[in-house]
Structures are given as structure tokens and as C-alpha cells.
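Hi,

Here's the structure I promised to pass along. Have a look, and my notes follow below.

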Amino acid sequence: MPNPNEPTPRRDPDFINFPPFETEDLRANLARFLDTSFEEAVGQTRRVGNYKWGVYAFFDYDGEPIYVGQTNEMLRTRIRRHLTNQRTDAVAMSVLDPFEVLEIEVWPLPQYQETSGKDADARKQLDALERLITQLAVDRSEFKAILNEKDPPPGSLVVEAPRSLRARIVSDRVYELRSHPDFRIARRALIISRLAQVISERKVQGGLRRVLLTQALRLQWLASRRYDALGGAASVEQEGDEDG
């Protein structure tokens, strides 16, 4: 017989099927960003996620660039695949952690909106733009590295960065939950552990090991800042005095 002192399990279908708050929050804010109007020419706008060709970059809670990618299928499709359904190698192998992404910046290429994805000249432009944005990200990084497993396609074409759009995709409530350094240290350590497990179980190239090294440096840097903010060695000595 049921124990009258135990709470009755909630069987509300809406409760069971309702996704976690953070999942819904990400989807809503990401959709809002991808639906933002982008002026491609005077008097001509398009939702930024609907551009077929472009380069994108993800930034973490310190404003650090962490990942750069390109697409010629649609910015909306590619970015959502990274952040909401884990169908990319970067997420599946724990190279990229969607929980770390605070901001996105995109560089659409409106001139190729009607161009086939197989067009050689357009692909050269896209590759050149990815090389440029990747180099800028590396130069601006505290660690002079980002989390891409592979380098951009090589080439000699040099381009200038077109207009871009950058915005935050995390609400204030989720920011409050995720921005605390102790949470971020724990999360980053978890991702490093998963990545190390992937490496240990497969025959991998140097790119994944470079990502592991970069993640380890990022974890050390964050843990060091947290330690120093709490008083560093002085806080340890104080604890020792109290224990005595």
C-alpha cells in the first residue's frame, strides 16, 4: 500500500515534458539573436541568422574568444547545431562547451546569399574570412589560443572583416547561475575530464591535444584568479592559524 507520509509523485504531463529552464532560456535568447535585423545595404535588412554564408565566433564569460567557425548552409542552422543539439564534433567530443558561451559575433557575407555552396570563389572568400577572424581571436586571447581542433583552410587570399553583429545570448538569471567562478571552475574541469577521456580512447591528431592543453591553461588561469581574489597564500595561513 502507498505510504501516506510520502509525497504523491507529480504526473502532470506538462511538468514531465517541460524542458529545464536553462534550456528554454538559451533557445529563446538564441532565437532572438538570430532573428535580429542586420542591414546589408542602405534600406535592405535581413534576419542575421538567415544569411547563408558567414563566419561566427563564440565568447566566454570573461570575453575570451573560444571558438570560430564558418558556414555556407546558413548561420542559423550552424550556430543552433553547436549550441542546442550537440550534433557537431566540437560539442560531442567536449571541445566546445555550450555552457561557456556568453556572447556570439557573426560576420555575414550578403553578396553570396544566392550563391551555390560549391562556388569556388565564394568558398575562397569564406575561408579567407575565417582565417582573419581566427587570427584576430588568437591575438586577442589571454592564452593566444582558441578551442578549435583544426586550423582554418589554408590560402593566400587576404580580406578585410565586413560588418558584424555581436550580442549576449544569456539572460540575467542564467548569468547569475553560471558566472560564479567556482561553478565555472567545476564545469571547466568536467569538460577537461571528458575531453581527456575521448583522447585516451581514440587515436587522435595533435589538434585535440592542443585543445586539451588550452583548456588546462584556461582552468589554471581561472583557478588562480579565484585563489588570489580570496586572499591567496594569506587566506591559507589564516586558516592554519585558526586550526591551531
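**Around S141**

The side chain of S141 has a polar atom 3.1 Å from the backbone oxygen of A145. This is a predicted model, where local features need pLDDT of at least 70, side-chain atom pairs count only at pLDDT 80 or more, and totals for chains, interfaces and linings use all residues. Residues are numbered from 1 along each chain as its sequence is written, and side-chain values use heavy atoms, with hydrogens and water left out.

S141 sits in the loop between helix 5 (120-140) and strand 6 (165-168); helices (H or I, at least four residues) and strands (E, at least two) are DSSP runs, numbered from the N terminus. At a relative accessible area of 2%, S141 is buried (under 20% relative accessible area, 1.4 Å probe, protein chains only). Beyond neighbours within four places in sequence, S141 is in contact (heavy atoms within 4.5 Å) with E64 and P65.

**Helix 3**

Helix 3 (residues 75-84) is mostly covered, with seven of its 10 residues buried. Those are L75, R76, I79, R81, H82, L83 and T84. Their cover includes helix 2 (21-34), strand 3 (54-59) and helix 4 (89-92).

**The cavity**

What lines the largest cavity? Y61, D97, F99, E100, R178, F183, R184, R187 and R188 do (lining residues have an atom within 4 Å of a point on a 1 Å grid over the protein atoms alone, where a 1.4 Å probe fits but cannot get out). Helix 7 (residues 181-201) gives the largest share of that lining, four residues.

Cheers

Note on methods: 1 Å grid on protein atoms, 1.4 Å probe; cavity = no way out; pocket = protein on both sides within 12 Å on 5 of 7 lines; lining within 4 Å. Buried < 20%, exposed > 50% of the residue type's maximum accessible area, 1.4 Å probe, protein only. Polar contact = N/O pair within 3.5 Å; in protein donor to acceptor, adjacent residues only side chain to side chain.
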